[in-house]
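Subject: Structure for you to look at

Hello,

Here is the structure I said I would pass on. Please open it first and then read the notes under it.

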Amino acid sequence: MHSPLHRALALAEHALFLTPPNPRVGCVITGADGAVLGEGHTQAVGGPHAEVMALRDAAARGHDVRGATVWVTLEPCAHHGRTPPCCDALVAAGVGRVVVTNIDPNPRVAGAGIARLRAAGVQVDVLPADDPLARAARALNIGFFSRMERGRPWVRLKIAASADGRTALPNGVSQWITSPEARQDGHRWRARACAVLTGVGTVLADDPRLDARGVDAPRQPHAVVLDSHLRTPPAARLFDVPHKVWIFTASTDAVRRAALEARGAEVISAPAAPDGRLVLDAVAAELARREVNEVHVEAGETLNGALLAAGLADELLLYLAPRLLGAGRGMAALGPYAALDEAPALVWHEATPVGPDLRLRADVAGRERF
């Protein structure tokens, strides 16, 4: 039989597309006999957190939660942010015990919620970090933990390729290597991210919308384009979507900037390396400053390779089609290497059939769930 924490984690998963940049959190309140008194998950930004939703649910059911146990997938917050502190709400409700999967990595919390609960006489238990439920709750909020602990988003490279690793024919044709099922699955991964990022080369070649389609999601991820020389066309389809468009550039061309701003883009100045390419570390830091947790990258082999080489790519989301293309474009422009141990290594953690294709997920070695 699943524990209340399993249920709380399932509730948190219901918030997958809803809460960014806030973490996805679930909460269950049980009585002395183990019966569920109330439950809930975090709402959209500015809305109630999971604990408050569970307290409201218990009240709506007519239950008294005094002395009850609260099971929650992240430490209750202890600061006034967009909403009041959840730990104070739990103390005011008179609960007797709180069980949490993870300490909140936000420096404004970081154990303060637990300390305040304990100071009020509430028993607090925290799962060991290696507990499977603690690891699952952390993985659900991997981008939030990354932003809080590392000061940069979790960067996921999504790549659709043939079984021999080709993302396009030599002439650039790539539509469609993978199946409709794989493409739809990819949109779900877009929807959970805070931002979908690509390079201007992909914008010029494919004119993508960079939105999440066919997914029941209440919000669209931001569209981010790395464009050193402001070559993004003002007529690009990504401007036809109701989402924020951020264009990072090193260009000082005021005319091109004005044309893109007239289409609703925010043009963000970023430093350039000697080769003219944007400094990716600076881009990542700025995205974190803008509360971006997960970045979903859909780009060509040049940008994929640059992100890997810079040590900024954390995860690969690969869709492999059951066909062989032979010559063609690769997944990431890397190397050449003189020794095998120079090449980035991966740690596989999922292989799932999606329609006729295979979805593979891997973390870059050394950063697997960091």
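**The largest cavity**

Pro153, Val155, Leu197, Leu226, Leu280, Val283, Ala284, Leu287, Val295, Val297, Leu307 and Leu312 line the largest cavity. Two elements each give two or more residues to this lining, namely α10 (280-289) and β11 (294-297). The largest share comes from α10, with 4 residues. Sorted by class, the lining has 12 nonpolar residues, no polar ones and no charged ones. The space inside the largest cavity is about 90 Å³. Please keep in mind that this is a predicted model.

To place the second one, the domains are needed. The domain assignment divides the chain into domain 1 (4-138) and domain 2 (151-364). Their centres, taken over C-alpha atoms, are separated by 34 Å. Domain 1 brings 8 residues to the contact, and domain 2 brings 12 residues.

The residues that line the second largest cavity are Pro20, Asn22, Pro23, Arg24, Asn141, Gly143, Phe144, Arg192, Cys194, Asn293 and Glu294. By class they are 4 nonpolar, 4 polar and 3 charged residues, whereas the lining of the largest cavity has no polar and no charged residues.

**A helix pair**

Helix α1 (residues 4-14) and helix α5 (residues 132-140) have axes that come within 11 Å and cross at roughly 10 degrees. Angles under 35 degrees count as roughly parallel, so α1 is roughly parallel to α5. On the α1 side, the contact is made by Leu5, His6, Leu9, Ala12 and Glu13. On the α5 side, Leu133, Ala136, Ala137 and Leu140 take part. The residues of this contact divide into 7 nonpolar, 1 polar and 1 charged.

**Backbone points to check**

- Pro20 and Pro21 are joined by a cis peptide bond, with omega about 10 degrees. Pro21 sits in the loop between α1 and β1 (26-30), and Pro20 is also one of the residues lining the second largest cavity.
- Another cis peptide bond runs from Gln175 to Trp176, where omega is near -5 degrees. Trp176 is in the loop between β6 (154-162) and α7 (180-192).
- Ala110 has a phi near 40 degrees, which is a positive value in a residue other than glycine. The loop that holds Ala110 runs between β4 (97-100) and α4 (112-119).

**His229**

The last item is a single residue. His229 lies in the loop between β8 (222-226) and β9 (245-249). Which residues is His229 in contact with, leaving aside its neighbours within four places in sequence? They are Thr249, Ser251 and Arg256. From His229 to Leu360, the separation is 131 residues in sequence and 34 Å in space, C-alpha to C-alpha.

Regards

Technical notes
Residues are numbered from 1 along each chain as its sequence is written. This is a predicted model: local features need pLDDT of at least 70, side-chain atom pairs count only at pLDDT 80 or more; totals for chains, interfaces and linings use all residues. Side-chain values use heavy atoms; hydrogens and water are left out. Axes are lines fitted to C-alpha atoms, for helices over the stretch in contact, and angles run from 0 to 180 degrees between N-to-C directions. Angles under 35 degrees count as roughly parallel, over 145 as roughly antiparallel, 65 to 115 as roughly perpendicular and the rest as oblique. Contact means heavy atoms within 4.5 Å. Ala, Val, Leu, Ile, Met, Phe, Trp, Tyr, Cys and Pro count as nonpolar, Asp, Glu, Lys and Arg as charged, and the others, Gly among them, as polar. On a 1 Å grid over the protein atoms alone, a cavity is a set of points where a 1.4 Å probe fits but cannot get out, and a pocket is an open set with protein on both sides within 12 Å along at least five of seven lines; lining residues have an atom within 4 Å of a point. Grid points are joined across faces, edges and corners, and a volume is the space filled by probe spheres set on the points. Domain bounds come from an automatic or database domain assignment.
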